[in-house]
Amino acid sequence: MNAPLLAPVVALVGNPNAGKTSLFNALTGSRQKVGNYPGVTVERKAGRLALPDGRSVELVDLPGTYSLSPRSPDEAVTRDVVMGSAVGERRPDAIVAVVDATNLRNHLRFVLELRRLGLPMLVALNMADLAERDGTEIDVAQLATILGMPVVPTVAVRKRGLDTLAAALAPLLLGQTPPPAEGIADITQLQREARVIASTVIVQRGMTKRWTQRLDGIALHPVIGPLLLAALIFVMFQGVFTLAEAPMAWLADGVTWLQAAATKALPDGALRSLLVDGVLGGVGAVVVFLPQILILFFFILVLEQSGYMTRAAFLMDRLMARVGLNGRAFIPLISSFACAIPGIMATRTIAEPRDRLTTILIAPLMTCSARLPVYAIVIAAFIPNRSVAGVLGLQGLVLFGLYVVGVLGALLAAFALRHTVTKGPTPTFLMEMPKYQWPEPRDIGIGLYQRAKAFLGRAGSIILISTVALWALATWPKPPAGYAGTSLEYSVAGRIGTALEPVFRPIGFNREIALALVPGMAAREVAVSALATVYSLQGTDKEHTQPLVERLRTSWSLPTALAFLAWYVFAPQCISTLAVTRRETGGWAWPAFMFAYLFAMAYVAAGVTYWAAKLL
Amino acid sequence: MTSSIHAMRPGDVATIVAIDRDGCDPVTARQLHEMGFDEGVDIELLHRAPFGGDPMALRVGNMVVGLRKALAAMIVVEPARAAAE
């Protein structure tokens with residue numbers, strides 16, 4: 001055996017809900033590299049772990065799965081990696097099987113299946129504290145003897161057992177050639193073997209009524225349950241608006257200050273215009289929304305990690321079944337409220353292909369956080385900031401309404417799709433409902449940090465580029481002396497806007513909107529920066545310093561503003577979403593279909609809104 | 001004395017005596033095993049969803065699993081005892 005040149009790879013494998021990601025976060029901290037597996041969009045998370053003997057290993061967090069017979073694309077990644085058949089991915093040198101100590105019987109079955117791979121292996125008996133609290137005592141030494149591998153009790157959230165785990169890992173990584181893998185075993189046989197082992201090593205079981213069951217008595221209550229779900233979603237969206245208000249104002253002040261400073265420091269000319277109108281005006285208009293996006297992700301992460309999200313899926317299954325979907329689809333759809341891209345990627349947990357395709361197609365109808373900037377600015381400009389019935393803010397209420405319209409549109413679209421292009425047998429619903437847990441601040445923190453990084457990364461790349469490109473198109477060519485119109489009208493962008501205007505005039509859009517829709521294709525929130533850039537360039541000196549909200553208020557009619565909102569409920573305008581759809585569906589046919597049907601829906605909705613609002 | 005999960009009420013405990021593996025596709029049958037369903041395992045009906053009681057939540061061993069009525073119909077049970085608490 002050659003001396004290994006690369007750090008050994010250790011894979012964390014386990015059932016979903018075994019606390020695998022918490023353990024991964026506890027072991028690697030924030031020194032994580034998040035990427036994708038080659039060819040698929042499954043997220044690959046890797047981090048460094050130092051062993052007590054001074055070596056360091058690359059720890060990889062594999063997608064959670066119940067067995068090595070994958071039902072969905074992300075489970076297939078786990079199988080391929082541990083079998084050594086994943087393209088561009090080294091086979092792990094050792095496996096850490098993460099097991100939920102409170103659910104030993106079922107998780108042991110997977111350990112037995114993994115053991116047959118022949119790789120050096122140890123078991124992390126996670127959530128050992130919860131098992132103790134439940135009155136479950138596990139004979140760890142005996143379990144290790146029976147399995148023939150080290151068993152380390154861990155409590156990932158309290159960082160307990162981590163050193164012992166690293167110490168137990170070291171002797172497994174001595175470069176020995178693993179024995180060949182045994183064949184696939186019958187699942188029933190493994191299941192029974194696991195039950196026998198579990199009943200041998202579980203010493204005593206108390207009969208404490210579990211918290212989960214009590215909480216489910218409320219969360220799944222026939223009457224209280226749905227009301228609670230509606231209330232939670234409502235609080236989430238009110239929170240997004242009210243909690244973000246102050247930090248957003250600080251960011252906006254910061255951008256204004258920078259603009260003023262740049263205006264003062266630079267001589268009048270193209271460079272100053274690029275910096276003030278293009279970069280700061282455009283990117284600044286988007287960065288301001290970071291607090292709202294983080295607050296929304298915070299709520300989603302808390303709901304996910306607490307275990308409530310699967311209850312929501314359970315409650316929603318009946319409704320989802322009506323439109324030919326599965327309660328499981330509710331989770332990717334909720335994620336799509338943050339962004340359709342992780343939402344579409346999360347559909348990989350849906351086994352049935354047609355079910356999955358339908359969910360992908362309707363995911364963009366869930367109002368993603370990139371639309372928040374668009375909604376927020378129009379709402380701020382046109383909806384009075386007063387309260388309804390004393391407690392509810394009218395602006396928040398309108399925002400909530402837009403989300404509801406998106407959801408209804410999605411259900412309608414799913415129903416239509418399931419009866420036409422994705423026609424097929426009704427999928428079933430079968431899903432583990434994990435126990436409730438306090439969300440771990442560290443896990444939430446790491447999740448938010450990764451989201452913020454991704455958002456600012458987008459702002460610094462795609463949004464910056466498209467804003468600067470738009471600024472250039474809107475600045476040149478300069479009109480000749482004595483030209484009657486504004487310089488914007490004379491520019492390339494102005495001409496594109498003028499060309500597009502007839503298409504959008506019937507639904508109440510002016511030339512500036514038609515113009516903003518073009519760069520808005522890159523990313524939805526760019527529409528805001530585009531409007532900011534367009535209005536900032538065409539303004540007189542006095543208007544120049546006016547915030548975008550004021551500019552919109554003076555240049556749009558109310559029906560136009562409402563039509564614009566309606567357009568954005570359905571608008572297919574996000575290249576990234578179309579790209580990820582192409583990757584997930586394996587061709588351009590479905591993204592093209594998605595674009596066409598969403599465009600049609602957006603056009604009709606905006607038109608109806610415009611004409612209805614005009615009549616009233 | 002066997003019956004189906006349909007007849008159970010929340011709080012009832014029963015033992016699985018048979019799973020109709022031919023009544024569903026092999027993938028679904030396997031999935032049931034992955035969730036811990038097997039002959040001889042105790043289950044408890046915990047909750048039924050609003051609007052028609054479909055899907056339902058069952059305790060299987062130490063795990064809570066949500067599933068639709070149609071799938072639950074594949075599982076034949078023998079009532080063990082009424083819930084003590």
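Ala579(A) is partly exposed in this predicted model, because 13 other C-beta atoms lie within 10 Å of its own, a count that falls between the limit of 12 or fewer for an exposed residue and that of 20 or more for a buried one. The residue is found in helix H26 of chain A, which covers residues 575–585. Leu616(A) lies 37 residues away from Ala579(A) in sequence, and the two C-alpha atoms are 40 Å apart in space.

A contrasting case in chain A is helix H13, residues 330–338, which is mostly covered, with nine of its nine residues buried.

Another helix contact in chain A can be described through its geometry. In general, a pair of packed helices is characterised by the angle between the two axes and by the distance between them. For helix H16 (residues 371–382) and helix H24 (residues 548–555) of chain A, the angle is about 60° and the axes are 9 Å apart. The crossing of H16(A) and H24(A) is right-handed. On the H16(A) side, the contact is made by Ile377(A), Val378(A), Ala380(A) and Ala381(A), while H24(A) contributes Leu548(A), Val549(A), Leu552(A) and Arg553(A). By class, the residues of this contact comprise seven nonpolar, no polar and one charged.

Turning to the interface between the chains, 29 residues of chain B are in contact with 30 residues of chain A. On the side of chain B that touches chain A, two or more residues come from each of helix H1 (26–34), strand E3 (42–48), strand E5 (63–67) and helix H2 (69–72) of chain B. Which element gives the largest share of that side? H1(B) does, with six residues. The residues on this side of chain B divide into 14 nonpolar, nine polar and six charged.

Strand pairing also links the two chains. Strand E12 of chain A, residues 430–432, is joined to E5(B) by three bridges, and the strands run antiparallel. Within this arrangement, Glu432(A) stands opposite Val65(B) of E5(B).

How values were computed. Residues are numbered from 1 along each chain as its sequence is written. Chains are lettered from A and ligands numbered from 1 in the order in which they are written. This is a predicted model: local features need pLDDT of at least 70, side-chain atom pairs count only at pLDDT 80 or more; totals for chains, interfaces and linings use all residues. Two residues are in contact if their C-beta atoms, placed from the backbone, lie within 7 Å. Helices (H or I, at least four residues) and strands (E, at least two) are DSSP runs, numbered from the N terminus. Ala, Val, Leu, Ile, Met, Phe, Trp, Tyr, Cys and Pro count as nonpolar, Asp, Glu, Lys and Arg as charged, and the others, Gly among them, as polar. Two strands pair if DSSP finds at least two bridges between them. Axes are lines fitted to C-alpha atoms, for helices over the stretch in contact, and angles run from 0 to 180 degrees between N-to-C directions. A crossing is left-handed if the near helix is turned anticlockwise from the far one by less than a right angle, and right-handed if clockwise.
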